[in-house]
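Hi everyone, thanks for coming. Let's take a few minutes to look at this one together, starting from the inside.

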Amino acid sequence: MTEDNYLGNMYQRFPVTIERGEGAKLYDINGKEYIDCMGGYGVALVGHRNPRVVAALKAQLDKIITVHTSLYNKTREEFLDNLMRIAPKGLTQVHMGNSGTEAVEAAIKFARKFTGKSGMVAMNGSYHGKSLGSLSVTFNPKYRKSFMPLVEKVAFSPFGDIETLRTKIDFDTAFVIMEPIQGESGINVAPDGFLQDVRKLCDERGILLIFDEIQAGLGRTGKMWASDHWNTIPDIMCLAKGIAGGVPMSATLTRPDILAAMSKGEHSSTFGGNPLSCAAGIATIQALTQDGLVDNAAKMGKIFMEGLEKLKQKHPIIRDVRGKGMMIGVEMKFEVKDILLDGIQEGVLLLYSGRNILRFLPPLVMSEAEITKVLEVLDRLFTKESERRKNVQG
């Protein structure tokens, strides 16, 4: 592929050149159809070429593309009004950026400025981005080792272990940051009660709780926020990925007193809150709230999970199936590289987490018929992989 001559070797790439998309399907330059279980790593939340998003972008293009936040803009104002209607109670202030890692960077700065402390606690298995600040609270050593030293005073605690977390917090801890459901490390769902226990611990110690809902939020898990499954509200919440239907955008939501601690010029974003992204963001929120996509994620996710559980019973090579809504992980007993490549041949684009976990982040518009087809393909792929392993071992 010609792109490889210019982009370097920083991405795991697959031999598919995508030309267009529609809903939960993608089409390559030869017209071959694929069911998209990657979802652009969760970005294609409301489906490819969502009609609301496309119409909003076209209308905004006829007005203006960029308005810096030093000036006011009605499209930005409308987006913020829409966002506040779905935001967790009390998170009434917003900083707008362009990506998940930017949302986390902002959260780190806001928390440290507000508390006057510098210590940070994240979870084992966490993923919060790859810029230096967000990388500092990302757990996986393979991302960190080449860029040491990172930001100091970061401790990691086992995900789901409240007692160990108590020991990681000290007098200089500013915040605890966590994903309610860990994505990149393999769709690890918080144990029941853990989020509530962390909330209580943060309140007791006078530190902030940050939820990274960049991958799990905005209806992905069958509720608007993944943390809604445990009725827990953070002090700061990070959003990005699908928030603008595929257009780059992020939002860091905070309590009003937290953002009030920041002075003019201490943090900003040139492109943050641009009208084009805001128009797409309005359409995305409308799709989620008016087109039943959150409910569809819950319904289709249940069907998907039940089908995967049946495959687990049939195929011993499957170790575990876990997740909520349309955020699902299938842990295998071997590396999944061959399954990914075979899936391409079968017309299904699959995602991975690490070497042995299939991760499903499809558009929330996915239908039962599309899920059924994916399950049929997976059944064949798992059968083929079992035979391949038998032949290697035999």
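Phe79 is in contact (heavy atoms within 4.5 Å) with Met96, Ile243, Met249, Cys278, Gly281, Ile282 and Ile285, leaving aside neighbours within four places in sequence. Before I go on, this is a predicted model, where local features need pLDDT of at least 70 and side-chain atom pairs count only at pLDDT 80 or more, while totals for chains, interfaces and linings use all residues. Residues are numbered from 1 along each chain as its sequence is written, and side-chain values use heavy atoms, leaving out hydrogens and water.

Now, the largest nonpolar core has 66 residues, and Phe79 is among those with the most contacts inside it, as are Phe304 and Leu308. By such a core I mean buried Ala, Val, Leu, Ile, Met, Phe, Trp, Tyr and Cys residues joined through side-chain atoms within 4.5 Å; buried is under 20% relative accessible area, with a 1.4 Å probe and protein chains only. Helix H11 gives the most to this core, nine residues. Helices here are DSSP runs of H or I, at least four residues, numbered from the N terminus.

Ser277 sits in H11, which spans residues 275-290. Ser277 counts as buried because its relative accessibility is 4%. Its side chain reaches the backbone oxygen of Pro248 at 2.8 Å.

Key. Helix = DSSP H or I, 4+ residues; strand = E, 2+ residues; numbered from the N terminus. Buried < 20%, exposed > 50% of the residue type's maximum accessible area, 1.4 Å probe, protein only. Polar contact = N/O pair within 3.5 Å; in protein donor to acceptor, adjacent residues only side chain to side chain.
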